[in-house]
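Welcome to this guided tour. Open your viewer, keep the selection tool handy, and take each stop in turn.

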Amino acid sequence: MPLPTPTLHTTRLRLRPFTDADAGALFSLHSNAHVLRYWDSPPWDDPARAERFIEVCRRLEEEGTGARLAVDRVSDGTFIGWCGLHGWNPDYRSASLGYCFTEAAWGHGYATETARAVLRWAFGALDLNRVQAEADTRNTACARVLEKLGFTREGTLREDCVVNGDVSDSWVYGLLRREWRPDAVPAG
């Protein structure tokens with residue numbers, strides 16, 4: 001059963017389905033070693049990876065297993081990253097949240113704003129009961145975003161990733177529907 005990728009709006013952002021025109025900006029984002037230093041795969045070195053990513057976005061939608069949304073700043077239309085749900089399981093009413101933003105977008109609250117919009121859609125339109133997220137234990141900025149959104153750190157996956165020879169741990173976070181506060185103002 002397909003899961004149509006929505007277009008969502010916040011005060012400063014527009015979240016929308018990816019198009020082929022996003023390939024260049026997406027490659028720029030995922031080829032930046034600094035941006036991906038805590039990612040579970042190395043930076044891209046082939047522009048065709050962006051095209052494959054966009055194809056996977058379409059396949060997630062067609063298969064009904066997730067949705068990835070491109071994020072544009074409303075003020076100038078600039079692509080600043082993406083956010084999405086994957087592993088959607090309608091029987092368990094659960095999915096996993098992921099996101100990635102350009103370095104220029106860091107520190108402006110865009111990740112929190114974006115994820116809040118996606119969570120509002122997930123708990124509302126998709127009627128999810130649980131959303132999970134993982135973050136490299138060195139990525140304290142990601143951990144802060146998840147905690148602002150109400151996620152609870154539930155555990156640590158020890159040495160679960162090896163990227164470019166670096167072994168790292170990941171924190172597992174969970175947010176339950178009954179804990180979700182869609183209108184909560186983030187602290188700090």
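Begin by selecting helix 1, where the buried residues are Ala23, Leu26, Phe27, Leu29 and His30. Buried means under 20% relative accessible area, exposed means over 50%, and partly exposed lies in between, using a 1.4 Å probe and protein chains only. Look down the axis of helix 1: its buried residues fall within an arc of 160°, so they line one face of the helix. The arc is that of the directions from the helix axis to the C-beta atoms. These buried residues pack against helix 2, strand 4 and strand 5.

A short note before you move on. This is a predicted model, in which local features need pLDDT of at least 70 and side-chain atom pairs count only at pLDDT 80 or more, while totals for chains, interfaces and linings use all residues. Residues are numbered from 1 along each chain as its sequence is written, and side-chain values use heavy atoms, with hydrogens and water left out. Helices (H or I, at least four residues) and strands (E, at least two) are DSSP runs, numbered from the N terminus.

**Stop two: a pair of helices**

At what angle do the two pack? The angle is about 110°, and their axes are 8 Å apart. That makes helix 1 roughly perpendicular to helix 2. Now show the side chains at the contact: Ala23, Leu26, Phe27 and His30 come from helix 1, and Ala50, Glu51, Phe53 and Ile54 come from helix 2. By class, this contact has six nonpolar, one polar and one charged residues.

Here are the terms for this stop. Axes are lines fitted to C-alpha atoms, for helices over the stretch in contact, and angles run from 0 to 180 degrees between N-to-C directions. Angles under 35 degrees count as roughly parallel, over 145 as roughly antiparallel, 65 to 115 as roughly perpendicular, and the rest as oblique. Contact means heavy atoms within 4.5 Å. Ala, Val, Leu, Ile, Met, Phe, Trp, Tyr, Cys and Pro count as nonpolar, Asp, Glu, Lys and Arg as charged, and the others, Gly among them, as polar.

Select serine 31, in the loop between helix 1 and helix 2. Serine 31 is partly exposed, with a relative accessible area of 26%. Leaving aside neighbours within four places in sequence, serine 31 is in contact with Pro43 and Trp44.

Colour the strands next. In what order do the eight strands of the open sheet run? The order is 1-2-3-4-5-6-8-7, and the pairing is mixed. Two strands pair if DSSP finds at least two bridges between them. At the edges are strand 1 (8-9) and strand 7 (152-163), each of which pairs on one side only. Zoom in on strand 5 (residues 94-101) and strand 6 (residues 130-136), which pair in the parallel sense over three bridges. There, alanine 95 stands opposite valine 131 in strand 6.

**Stop five: helix 4**

Select helix 4 (residues 140-148), whose buried residues are Cys142, Ala143, Val145 and Leu146. Seen down the axis of helix 4, these fall within an arc of 160°, so they line one face of the helix. They pack against strand 5, helix 3 (110-124), strand 6 and strand 8 (166-176). In helix 3 you can pick out glutamate 113, which counts as buried at 17% relative accessibility.

**Last stop: positive phi values**

Most residues other than glycine have a negative phi. Just after helix 4, glycine 150 takes a positive phi of about 100°. Now click on arginine 93, in the loop between strand 4 (79-89) and strand 5. Its phi is near 55°, a positive value in a residue other than glycine, and arginine 93 is partly exposed, with a relative accessible area of 30%. Finish at glutamate 159 in strand 7. Glutamate 159 has a positive phi of about 45° although it is not a glycine, and it is exposed, with a relative accessible area of 59%.
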